[in-house]
Amino acid sequence: MTARTHDAIAFASLVTAATLYPPASLNLYTLFAAIIGNNIGALIPDIDQASNRLWDLVPGGDRIDKVLSRLFYKHRTLTHSLLGLFLIFKSLEWLLPRLLNEAFVNVDLVFWSIIIGYASHLVADAFTKEGLPLLFPLKIKIGLPPIKAFRLTTDSWVERLVVLPGVAIYLFWFINQNKATLLALLHQIR
Ligand SMILES: [Zn+2]
């Protein structure tokens, strides 16, 4: 799937999670950090891909990208597995409290927003023809549905004209269904 589709699915997942499990409090810094973190989380799994947009944000990203390509040697392995998710989970658990100022930002909410972005990426990729190496280093690939012919081709017209608008329609429908909860959440922003 393209980065754009992953971003959209991650955001829809974040809004869904925030509605089902509304945080007790929310401030403006946390809201923005959560949205940006969610977006970055959705892009991390494809970090092993040459065209990853995250590298455009970093000076000298092209060079880092070349090194990483050699390191990962093959697209969709470690970063698309439960092991990868576990490593990201543990790294963020260590990194975020050192990176963010707890006095301004709710580190826990930002942490879960990134994890939601990452996990939504893995789930979405299970619907593509390539499948998901969830149990890497085992060679088994998970696909939904199990029959490959019914799965998506990345950047195909189905992805652009059905999946992406589908996510937008879902989001509008969900927001409309949960207006009261979401407005209450937005009202408590300070
Ligand atoms: Zn991917």
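A crossing of two helices is called left-handed if the near helix is turned anticlockwise from the far one by less than a right angle, and right-handed if clockwise. I wrote that down before looking at the model.

**Entry 1: the ground rules.** I noted that this is a predicted model, in which local features need pLDDT of at least 70 and side-chain atom pairs count only at pLDDT 80 or more, while totals for chains, interfaces and linings use all residues. Residues are numbered from 1 along each chain as its sequence is written.

**Entry 2: the chain as a whole.** I looked up the secondary structure and found eight helices and zero strands, where helices (H or I, at least four residues) and strands (E, at least two) are DSSP runs numbered from the N terminus. Of the 190 residues in the chain, 26% are buried; a residue is buried if 20 or more other C-beta atoms lie within 10 Å of its own, exposed if 12 or fewer, and partly exposed in between, with C-beta atoms placed from the backbone.

**Entry 3: α5 and α6.** I then turned to helix α5 (residues 82-99) and helix α6 (residues 107-125), which pack at an angle of about 160° with their axes 10 Å apart. The axes are lines fitted to C-alpha atoms, for helices over the stretch in contact, and angles run from 0 to 180 degrees between N-to-C directions. Angles over 145 degrees count as roughly antiparallel, and α5 and α6 are therefore roughly antiparallel to each other. Their crossing is right-handed. The contact includes Leu85, Ile88 and Phe89 of α5 and Val110, Phe111 and Ile114 of α6, two residues being in contact if their C-beta atoms, placed from the backbone, lie within 7 Å.

**Entry 4: α1.** Helix α1 (residues 3-20) has 18 residues and reaches 26 Å from its first C-alpha to its last, close to the 26 Å expected at 1.5 Å a residue; the expected span is 1.5 Å times one less than the number of residues. I listed its buried residues, among them Ile9, Phe11, Leu14 and Val15, and saw that the buried residues of α1 pack against α2 (28-43), α6, α7 (157-177) and α8 (179-187).

**Entry 5: the loop between α6 and α7.** Which bond joins phenylalanine 136 and proline 137? I found a cis peptide bond, with omega about 10°, and proline 137 lies in the loop between α6 and α7. The peptide bond from leucine 144 to proline 145 is cis, with omega near -10°, and proline 145 is found in the loop between α6 and α7. Aspartate 155 lies in the loop between α6 and α7, and its phi is near 65°, a positive value in a residue other than glycine. With 12 C-beta neighbours inside 10 Å, aspartate 155 counts as exposed.

Key:
Parallel < 35°, antiparallel > 145°, perpendicular 65-115°, else oblique.
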